[in-house]
Amino acid sequence: MDEMAYSINGENAHYGTPTNPCAPDRVPGGSSSGSAVAVAAKLVDFALGTDTGGSVRVPAAYCGIFGLRPSHGVVSTENVTPMSQMFDTVGWFARDLSTFSRVSNVLLPLPADNTIKQPTQFTIPKDCFEILGSLKDQTYQILNASVAKRFGSDAVDNRNLGEFVSNNVPTIGKFISDFSKSEAPSVPALSVISYVMRCLQRSEFKANHAEWVNTVKPKLGPGIQERVHEAITSEDGPMEDFHALKTEFKSALSALIKDDGILAIPTVPGSPPKLRMEAAALENFRARAFSLLSIAGLSGFCQLSIPLGVRDGVPVSVSLVARHGADWFLLSVAQELYETLQEETKKAWSSSKSSL
């Protein structure tokens with residue numbers, strides 16, 4: 001794993017980087033890289049991982065397998081060394097939904113009511129897919145077609161998430177101007193959500209680990225050394241505003257998704273980065289990744305990364321997000337939609353090949 005769980009790349013300067021079975025020239029994703037690689041390489045049927053900022057969802061997406069970040073607090077983190085208690089979760093990986101469900105039966109609390117609702121609304125925000133920088137993998141079209149086919153076109157809502165967040169999270173106005181000048185594909189409101197989550201995470205990381213880092217002075221790998229140093233030396237910032245925004249964001253997202261809705265987004269902003277990628281390009285990718293990953297992170301909602309297959313030598317995935325505590329509902333929707341997703345992916349990718 002990445003040292004101190006403080007990266008989403010999966011590269012390890014001390015023990016070597018686990019080889020991504022899906023794309024050997026690319027990073028496996030982290031921090032739970034070993035777990036994801038063991039599953040993708042068929043060494044094990046399933047594996048556990050921890051997800052604070054994205055450390056199950058990212059390696060799942062990069063290695064072409066299923067990965068769940070459960071609702072925050074639903075699965076016990078007892079005896080897990082904390083990174084940031086506000087966001088720490090224990091999730092899991094599997095190659096197929098059948099195995100995934102069996103693991104979930106053991107780890108998730110059984111639902112009080114066994115009747116699983118049908119989803120009434122799928123929010124598939126186009127602006128989140130524009131963070132990819134290119135729509136050539138066709139995940140946006142595949143999701144829209146799959147949901148319309150399985151649940152009816154009336155269930156599809158393509159409103160922009162950034163606009164919704166800006167209009168329904170009052171505290172965001174204090175930060176938004178700092179994030180509106182980016183030249184990279186971005187959604188300023190989601191960049192703020194990402195910034196707030198990472199500031200809160202950094203503050204807890206410092207409280208948990210600064211004393212140990214300062215005493216032991218561990219030799220950490222490149223990238224992580226700088227990130228840990230920044231975390232333990234940084235000022236906390238306006239914590240009252242951060243906490244207010246976190247509360248407002250969870251409330252706004254609950255109003256959007258409701259009890260029986262789903263938010264569908266890219267898991268990551270494109271193909272897994274190549275091994276030993278240049279630092280500046282990697283940082284840009286990381287920033288865009290966290291604007292997507294922080295949606296479930298800051299709200300505490302559950303998110304499942306679903307593999308669509310490998311295209312042009314790289315794995316492609318999408319994610320479904322449901323409200324806090326709706327983990328069984330999320331898995332049920334995934335099972336109902338997955339076959340249609342596979343059909344629509346095959347159709348979209350084969351037609352784009354024939355038109356080249």
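Colleague: How many residues of β8 are buried?

Modeller: Buried means under 20% relative accessible area, with a 1.4 Å probe and protein chains only. Strands here are DSSP runs of E with at least two residues, helices are runs of H or I with at least four, and both are numbered from the N terminus. In β8, nine of the nine residues are buried, so the strand is largely enclosed by the rest of the structure. This is a predicted model, in which local features need pLDDT of at least 70, side-chain atom pairs count only at pLDDT 80 or more, and totals for chains, interfaces and linings use all residues. Residues are numbered from 1 along each chain as its sequence is written, and side-chain values use heavy atoms, leaving out hydrogens and water.

Colleague: Which residues of β8 point one way and which the other way?

Modeller: In a regular strand the side chains alternate between the two faces of the sheet. From β8, Val314, Val316, Val318, Leu320 and Ala322 point one way, while Pro315, Ser317, Ser319 and Val321 point the other way. All of them are buried.

Colleague: Which strands join β8, and how many bridges are there?

Modeller: Two strands pair if DSSP finds at least two bridges between them. Strand β7 (residues 302-311) runs antiparallel to β8 over nine bridges, and β6 runs antiparallel to β8 over three bridges. Ser319 of β8 stands opposite Ser305 and opposite Ile265. The β7 and β8 strands form a hairpin with two residues between them; in the turn, Asp312 has a positive phi of about 55°.

Colleague: Is β6 (residues 261-265) mostly covered or mostly uncovered?

Modeller: Mostly covered: five of the five residues of β6 are buried. Gly261, Leu263 and Ile265 point one way, and Ile262 and Ala264 the other way. Strand β4 (residues 121-123) pairs with β6 in the parallel sense over three bridges, with Thr123 as the bridge partner of Leu263.

Colleague: Which residues touch the most other members of the largest nonpolar core?

Modeller: A nonpolar core is a set of buried Ala, Val, Leu, Ile, Met, Phe, Trp, Tyr and Cys residues joined through side-chain atoms within 4.5 Å. The largest one has 43 residues, and Leu161, Val165, Leu245, Leu253, Ile295 and Leu298 touch the most other members. Elements that give two or more residues to this core include β6, α9 (239-257) and α10. The most comes from α7, with eight residues.

Colleague: What space lies in the largest pocket, and which residues are closest to its centre?

Modeller: On a 1 Å grid over the protein atoms alone, a pocket is an open set of points where a 1.4 Å probe fits, with protein on both sides within 12 Å along at least five of seven lines; lining residues have an atom within 4 Å of a point. Points are joined across faces, edges and corners, and the volume is the space filled by probe spheres set on them. The largest pocket holds about 780 Å³. Its lining has 36 residues, and Ser7, Asn9, Gly223, Ile224 and Arg227 are the closest to the centre. At least two lining residues come from each of α7 (188-216), α8 (224-233) and α10 (279-299).

Notes
Buried < 20%, exposed > 50% of the residue type's maximum accessible area, 1.4 Å probe, protein only.
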